[in-house]
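Colleague: Could you walk me through how to read the packing in a two-chain model? I would like the general idea each time, and then the case at hand.

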Number of protein chains: 2
Amino acid sequence: MADLELSSLHASLTDRALNSMNFLNEISHHYPDAISLAAGRPTEEFFDLDDIPRYLELFAEHLRTKGLDEAAVRRTILQYGRTKGVIHELIARNLAVDEDLYVDPEAIVVTAGCQEAMLLTLRALRADAADVLLAISPAYVGITGAARIVDLPVLPVPDLDDLPAVIKRARADGLRPRGFYVMPDFANPSGLSMDLPTRRRLLELATAEELLLLEDNPYGLFPAAGIDRLPTLKALDTERRVIYLGSFAKTGLPGARVGFVVADQTVNTGGLFADELSKLKSMVTVNTSPIAQAVIGGKLLDCDFSLAAANQRERAIYATNLAIVSNHLAAHFPNGELTWTIPSGGFFVVITVPFVVDDELLTKSAQEYGVLWTPMAHFYDTDAPVNALRISCSGTTGAQLQVALNRLTALITDQLVLSTRSELDL
Amino acid sequence: MADLELSSLHASLTDRALNSMNFLNEISHHYPDAISLAAGRPTEEFFDLDDIPRYLELFAEHLRTKGLDEAAVRRTILQYGRTKGVIHELIARNLAVDEDLYVDPEAIVVTAGCQEAMLLTLRALRADAADVLLAISPAYVGITGAARIVDLPVLPVPDLDDLPAVIKRARADGLRPRGFYVMPDFANPSGLSMDLPTRRRLLELATAEELLLLEDNPYGLFPAAGIDRLPTLKALDTERRVIYLGSFAKTGLPGARVGFVVADQTVNTGGLFADELSKLKSMVTVNTSPIAQAVIGGKLLDCDFSLAAANQRERAIYATNLAIVSNHLAAHFPNGELTWTIPSGGFFVVITVPFVVDDELLTKSAQEYGVLWTPMAHFYDTDAPVNALRISCSGTTGAQLQVALNRLTALITDQLVLSTRSELDL
């Protein structure tokens, strides 16, 4: 007899979002020899263990130049620390340099990865059962999962043009939309970006509808070759409508697990929304590891606050890979049997095929073809079948990428034959 | 006009537990010159920044001896990692060496501090509005806060003997007690420990009542001079009744923010409760910083898995401080005007006084006497006035501790006079 019944545990544990993440993690463990086009991980090409002590020392030296004595330097890095973090000022400088975004460092909460930033934000905003989150669909599974953890339903917004109608319908149903989650730059999973007029229109709509925007920006520093970066929603935001969710996983080091949220909204208690998030954080993780923060702080100091400059090599790799993927698909599927997005940057290409792409097909791909990717169904909050898959151009490069694409092409070609045959059988 | 109304945010933000933590953090910032007997921080006496690269290298070398090539070593420490963590096997060895506790490493989830371990556990256990947590009272404010975050009411258990009655009453009220939170060793805030027969009786009761026990053990390695350590509940647990919440903040390094939970309960899906917690973790913090884990992993390797051995100097300091506090109080208050606990280890002494100890008195103490401590009221989940304060013997030593005790004695003496006077005024 089992000690615990799953049905007696929180509903999120039977939810597709959480099990989706779990399944995707597991399959890469089960097929370690399959090449992965699945994970949205940054390239490991320039990983160097020696960077860690170097970044720590840079941060320690920075504290010394700020006037801290040795005991205070040690305390800042090794002891329990400030709930909102110890590298908030450095992050504010980074946002100014890279994003032309000027924020009060006190409005920044440094988090245990961007995921915690999402969780804290949604926890604060979910007050009762009438609250809902709106999210662009398809959406990063992490926002759906975080919403599940705090019992916050997510209403999908398939297209920005649908947003007013979704808000109207939600309000008519007695629901209270607390915010709209978007990834305006090289989105996960779609790969798509919003143009500048769309960004401005969205901000205007947010004002008209009195809606908060949750802007998630993990890939903004990676435009494709020849593409100019656009201002973030937060940089365009003059009315504190935007909560900015930041990550250093792709631009700093994933192993530090350091992210942040800019929450400069005022609260009627007199403080900032960041201070409310800080109260929640004290009960979720107490504070973000100051050692991990020191690593990211050191990296920010090392690159003179420009992660855009520090990531030129990575950006070049991702841009090259996007072009390779795009050219490969064009060469192998010239007759319109499938379509794919041509993103202007970031990590992801979505391929739409004339057959259902599900976990079963992924398992077959891993087992028989030796290649992993992500069924797009995982990014929709419904059980409807989806004829598309996402591949990531970030983690696999050079000859490995070529082998992976050949394997994927073999799978797709075989499936095209099978699906044509089953059509004929009808 | 404010952007957000506090009343439109999650109820935890107006809760005493979260604001309590916030107030205690703030007051130490407002009075930086006050000596702190408040924070339950480990001593900084042996903090050494050079330990960090040394621990990282020890962990990297450990991975190499396990057969990982350099790319895999770099990936393990610097890339996204396994949701349940990468030092689970080292933690299992530490528990075997220090606690005579043998657990399947797969039943361990490494967390962003013990606070996240609490949050994940409570999130999993809180399925609906009938669920409640039982907790020893007074209790660590972090467990109450984590419960608030997941909307889980906490029923206080002032004495272990009350437990059956509290359970019975809860069930009669249609509530479902999901677990009982205890800190059997040198508890925060009471300083008290359970003797061995009590531990066995509690386990029997848990079996009889089909109740999970949540055992939190941050201070177990710090018995006072001449005191033998007792087995943890988890080491005595033969029926997987105990979820063990572990922390390296006091025994490893607080700045790593690494904790863990042992959840070896089976679930009717066929997996371990740890795997369900892992699913939640993927939506809270994705994974615990592998860099931070490597620091703790290196420390575990460095001390051959015995943190008890590695903390002999710290243990001696805390034991000495407990004795100093105890002797000081006995010397200055010989006539029974106040009473205090004489803990057999850990960080905390509770002083009971004949006047109300509230935040106002703490502010006065910080401002006029230059000493910080914690009103015991913060550890009770009610508004009832409490005539006691907690002082911590961990963070302040030597001459500083003496000065702090003198200041505290001055405050208490003045308050004793004031309270006598106000009695006479009646």
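Predicted model: local features only at pLDDT ≥ 70, side-chain atom pairs only at ≥ 80, totals over all residues.

Colleague: Let's start with helices. At what angle do α5(A) and α10(A) cross?

Modeller: The general idea is that two packed helices are described by the angle between their axes and the distance between the axes. Here the axes of α5(A) and α10(A) cross at roughly 110 degrees and come within 9 Å. Angles of 65 to 115 degrees count as roughly perpendicular, so α5(A) is roughly perpendicular to α10(A). From α5(A), the contact takes A:Leu120, A:Thr121, A:Arg123 and A:Ala124, and from α10(A) it takes A:Glu276, A:Leu277, A:Leu280 and A:Lys281. By class, that contact has four nonpolar, one polar and three charged residues.

Colleague: What is the spacing along each helix about?

Modeller: An α-helix has 3.6 residues a turn, so residues three or four places apart point the same way.

Colleague: And in chain B, how far apart are the axes of α5 and α10?

Modeller: In chain B, the axes of helix α5 (residues 113–125) and helix α10 (residues 273–282) are 9 Å apart, and the helices pack at an angle of about 110 degrees. α5(B) and α10(B) are therefore roughly perpendicular to each other. Their meeting residues include B:Leu120 in α5(B) and B:Leu277 in α10(B).

Colleague: Is helix α10 of chain A mostly covered or mostly open?

Modeller: Mostly covered: 10 of its 10 residues are buried. Among them are A:Phe273, A:Asp275 and A:Lys279. The buried residues of α10(A) pack against β2 (108–111), α5 (113–125) and β8 (259–262) of chain A, and also against α1 and α6 of chain B.

Colleague: How does B:Ala410 count, as buried, partly exposed or exposed?

Modeller: B:Ala410 sits in helix α15 (residues 398–425) of chain B. Buried takes 20 or more neighbours and exposed 12 or fewer, so B:Ala410, with 16 C-beta neighbours inside 10 Å, counts as partly exposed. B:Ser365 is 45 residues from B:Ala410 in sequence, yet their C-alpha atoms are 9.6 Å apart in space.

Colleague: Which residues touch the most other members of the largest nonpolar core?

Modeller: In soluble globular proteins, nonpolar side chains tend to be buried together. The largest nonpolar core here has 271 residues, and A:Val261, A:Val295, B:Val261 and B:Val295 touch the most other members. Leaving aside neighbours within four places in sequence, B:Val261 is in contact with residues including B:Leu120, B:Thr121 and B:Leu277.

Colleague: How is chain A divided into domains?

Modeller: Domain 1 of chain A covers 12–40 + 312–419, while domain 2 covers 51–309. Their C-alpha centres lie 27 Å apart. The contact takes 27 residues from domain 1 of chain A and 25 residues from domain 2 of chain A. On the domain 1 side, α13(A) gives the most, with five residues. That side has 14 nonpolar, nine polar and four charged residues.

Colleague: Last one: how many residues of chain B are in contact with chain A?

Modeller: 73 residues of chain B are in contact with 73 residues of chain A. On the chain B side, α5(B) supplies the largest share, seven residues. By class, that side of chain B divides into 38 nonpolar, 21 polar and 14 charged residues.

Technical notes: Residues numbered from 1 in each chain as written. Chains lettered and ligands numbered in written order. Axes fitted to C-alpha atoms, helices over the stretch in contact; angles between N-to-C directions. Helix = DSSP H or I, 4+ residues; strand = E, 2+ residues; numbered from the N terminus. Parallel < 35°, antiparallel > 145°, perpendicular 65-115°, else oblique. Contact = placed C-beta atoms within 7 Å. Nonpolar A, V, L, I, M, F, W, Y, C, P; charged D, E, K, R; others polar. Domains from an automatic or database assignment. Core = buried A, V, L, I, M, F, W, Y, C linked by C-beta atoms within 7 Å.
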